[in-house]
Amino acid sequence: MTAETTDTTANATDTTATDTETGATATPMGFGRMHRKEDARFIRGRGNYVDDVRLPGMLHGAILRSPHAHARILSVDASAAEAHPGVKAVITGETLAGMDLAWMPTLSGDVQAVLATDKVRFQGQEVAFVVAEDPYTARDALELIEVDYEPLEPVIDARRALDEGAPVIRDDVEGRTGNHIFDWEAGDREQTDAIFERAEVTVAQDMLYPRVHPAPLETCGAVADFDRVTGKLTVWCPTQAPHAHRTLYALVAGLPEHKIRVISPDVGGGFGGKVGIYPGYVCAIVGSIATGRPVKWMEDRSENLMSTAFARDYHMRGEIAATRDGKVLAIRVKVLADHGAFNGTAQPTKFPAGFFGVFTGSYDIRAAHCEVTGVHTNKAPGGVAYACSFRITEAVYLVERMMDVLACELDADPAELRMKNLIRPERFPYTSPTGWEYDSGDYPRALRLALDMVEYDKLRAEQAERRRDGGPLLGIGISFFTEAVGAGPRKHMDILGLGMADGAELRVHPTGKAVLRVSCQSQGQGHETTFAQIVAAELGVSPDDVEVVHGDTDQTPFGLGTYGSRSTPVSGAATAIVARKVRERARLVAAAMLEASPDDLEWSVSEAGGRWSVQGSAEHGRTIQEIAMAAHSNLELPEGVEGHLDAVTVYNPPNLTYPFGAYVCVVDVDPGTGQVKVRRFVAVDDCGVRINPMIVEGQIHGGLADGIGMALMQLMAFDEDGNHLGASFMDYLLPTSMECPSWELGETVTPSPHHPVGAKGVGESATVGSPAAVVNAVLDALRPYGVRHADMPLTPANVWSALQGTPIRTDLAVT
Amino acid sequence: MQITVTVNGQPYTGDVEPRLLLVHFLRDGLGLTGTHWGCDTSNCGACVVHVDGTPVKSCTALAVMCDGHEVTTVEGLERDGDLDAVQKGFAECHGLQCGFCTPGMMLTARWLLDRDPDPDEARIREAVSGQLCRCTGYENIVRAVRWAARHEAARAGAGTEARAGTGDGAAGGTREGTGP
């Protein structure tokens, strides 16, 4: 089953004043463009973000951070800070060492310093924590802490991290003599190499996916409240994975898990950066335990950019072997992965390079091999933290750049080259050469739609004319991506031993109103609306009659949370299944009410709602609301039927889901200044069945802006001393309304065969797919100048340098 | 220092530290947490409020600078239980996701519509270009402001007709001059 529609409203001139033009009309039940339930509070300024949490007697914390990228700590003198009026406590690495809390486990099985004891290993690393009556006093006191550092030579260039004689960053680990973390490989090296040896054409290209930061508008922070009487610890923090945090706090701090409650309130954007536990959270907890009062810690923007999870930082060399007529036969990749000072990437245990193994992308390629080497540098830890679907961003960028490099080599049209190599619809379910089983897809259809929408042939004609007549350069870039989202299955995927399966609980009150409790956590994705719609569709009730509870570990079932686009594929599936369980319980109650056999009942949903009725006799039926009341009444139920309709489930996905899409970006480049202007961006996405198309389109819009940001603007470079050169929004440039065009969206619908409602997840698709389209467009514009590749971000300076024949290294400061 | 600031029509008098930022005065002093803080450097605009009707980034203004002035925050947009057209537009057009930039975006949009009741897309993009949204890609923010403009125009049209009979010639559809 496939359906195809296009939404070109992005281009429509909005001249009428009807509400219907937004398309967001409320639906009585089920899927559709329903307005978001959560907006009522947000448009009134009544959201409740972590910094809005105010508790009686609350104190405020601030963190002293290292100015050095690599230095030995000789001494820390906090006496003046402790004596400062209003200061309640100063916590140092030594304090924490006394509690066995100076180090905490990372999500990759490494350890990370909470507060440094021996050395600092990146600029901005946490050194001391001040707790004071108010945040201004806490900041004042930071100035009074004397730290004596002995600066050490830092390792900044990842390509030098494994050099003989390179400074050893992690001398805290016994026996460590270098900066090597891991080697990981996938695919068949021998088979791949053999194809390369015989191939008619081979191409190779070095490329960097630079270090970037997701920079949600809300920074990280926490409010910790330890009750000395009950022993209960409550932590408010904007986490994407509240249950995982609770378990980790229990393991780290030795507190009993039932005495820990993690509340993730409204979250002001996460994008992956709010998955992990940061030292500030632990400091706030220790601060509360030490003072007996609630402690709030909020980082500022520079702290956010310098110390919380970065993303990417993959130095890649891609190679493709092909026939002269453009059939890709094999692909191989070598990656040097900069993981920073601590290996803190948030990814399933068996996947040290995340899901980079899907680097064969959307193409039917006979053989593939990749090897990834992870190294330490004197930079902040992180690595999987920016809507990347566990490194699929890097994989898609690699293969989509390589397809353009091959097109360049063969002098082939990049669209035709892709069309020739796309996996054909009849090949699904498709097993990739590195072992991934793609669930469903019709790739050529999506690419054709995107090319039609953008009027590809017309653009190529305009480009030819421009190239003939001079003037601003026109570039057309294509990216075709396949995502793998919705981790588990749990037998393959866990984080620190916690399997990636998620629970859902559905309570139906006597009047038929329902409360759904889920383990995933919205950071703006609209779960309170979407998940209510899933329940509504399954039970034939209004979404307004379904309350969604999330983000509170005392109130929701266990699960691994929201990242890797897993909410709809995992928790959405759990929601549909738990609603079906409720429906089946309702069948038994209805049978008792109707004095019929359950097997003789049939379920139907009409405009009046959902009801069980006797087959062939619709008038003999009961609505779900009537059944709910009866289930709580004194109605005599058959033996074995418990009464009530409530149900619980845990969903362990049988496979990932594989959304895909075809993107075309059109840019104008000024050869005199190197300035790039995105003229158009056409995005055709297939994320299976869309539960709320309005929300899906919003997710795509945001990801497309991310792509423009990463491709053109967002730069986190370091100088030779390890100074972070993108540590504020004055230096780390994010796309504004001026850089973004009006997005043009199209869609195809290929349902996932194994997801209960056929949905696939979409949160990260556009962030994954769009950077390559922008970069390919810019490089397409520069092609007459003989430029085959330049690294992101393609700033005016970088583009101009590329036009002069010397593209710059974007990870290091130009000195 | 003792200051008196009128916030959303309500005068507040109190002692503040001279260095206290306006955003902290509003959030921590008055409990108006709808105004957010996002960057320190006047780049993100999550903290935008109106001071005497003009959008100001409250992370870069001191509370004492507002002594004797009128401040409007997101909490002041709704009047007598009626949402502002801009608030309705953001909900209608999915102009928000995480909601963190939304108060600042809406206040800038309100300012724009007070001066230009029929802004085109380019004008809207320019007006919010000093503010960041990490979720929406700006598309639906533009649509939300256009929605608000159209609905205010429609309401003003209806209002003008109604008022024509009573001889009330005041311009409808704009709140400029009405002040908090």
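**Figure 1. A salt bridge ties Asp364(A) to Arg427(A).** In this predicted model, the closest N and O atoms of the pair sit 2.9 Å apart; a salt bridge here is a side-chain nitrogen of Lys or Arg within 4 Å of a carboxyl oxygen of Asp or Glu. The pair links distant parts of the chain, 63 residues apart. Asp364(A) is in the loop between β17 (328–338) and β18 (367–375) of chain A, while Arg427(A) is in the loop between α10 (414–421) and β20 (430–431) of chain A. Helices (H or I, at least four residues) and strands (E, at least two) are DSSP runs, numbered from the N terminus. Over all chains, the whole structure holds 73 salt bridges. A word on conventions: residues are numbered from 1 along each chain as its sequence is written, and chains are lettered from A and ligands numbered from 1 in the order in which they are written. Local features need pLDDT of at least 70, side-chain atom pairs count only at pLDDT 80 or more, and totals for chains, interfaces and linings use all residues, with side-chain values based on heavy atoms, leaving out hydrogens and water.

Figure 2. Most residues other than glycine have a negative phi, and most peptide bonds are trans. You'll find Ala215(A) in the loop between β11 (201–212) and β12 of chain A.

**Figure 3. A seven-stranded open sheet in chain A.** The strand order is β4-β8-β2-β15-β12-β13-β14, with mixed pairing; two strands count as paired if DSSP finds at least two bridges between them. β4 (87–92) and β14 (260–263) of chain A stand at the edges with a single partner strand each, so one side of each has no neighbour in the sheet. Neighbouring strands are turned by 20° against each other on average, direction ignored. For angles, axes are lines fitted to C-alpha atoms (for helices, over the stretch in contact), and values run from 0 to 180 degrees between N-to-C directions. Five bridges join β4(A) to β8 (126–132) of chain A in an antiparallel run, and Thr92(A) has Ala128(A) as its bridge partner in β8(A).

**Figure 4. Helices packed on the chain A sheet.** α4(A) touches β2 (59–65), β4, β8 and β15 (295–298) of chain A, contact meaning heavy atoms within 4.5 Å. The direction of α4(A) makes about 30° with that of β2(A). Helix α7 (279–291) of chain A also packs on the sheet, touching β2, β4, β8, β12 (221–226), β13 (233–236) and β15 of chain A. The direction of α7(A) makes about 25° with that of β12(A).

**Figure 5. A five-stranded open sheet in chain B.** Here the order is β2-β1-β5-β3-β4, and the pairing is again mixed. The edge strands are β2 and β4 (54–57) of chain B, each pairing on one side only, and the twist averages 40° from one strand to the next. β1 (2–7) and β2 (10–15) of chain B are antiparallel over six bridges, with Gln2(B) opposite Asp15(B). These strands form a hairpin with two residues between them, and Asn8(B) in the turn has a positive phi of about 50°. β1(B) pairs in the parallel sense with β5 (70–72) of chain B over two bridges; Val7(B) partners Val71(B) there.

**Figure 6. Where chain A meets chain B.** The contact takes in 62 residues from chain A and 53 residues from chain B. About 4,800 Å² is buried between the chains, 53% of it on carbon and sulfur atoms; buried area is the accessible area (1.4 Å probe) that two parts lose on being put together, summed over both. Ile43(A), Tyr136(A) and Leu217(A) supply 17% of the area that chain A buries against chain B, more than any other three residues. Six salt bridges span the two chains; one of them joins the side chains of Arg54(A) and Asp28(B) at 2.3 Å, N to O.
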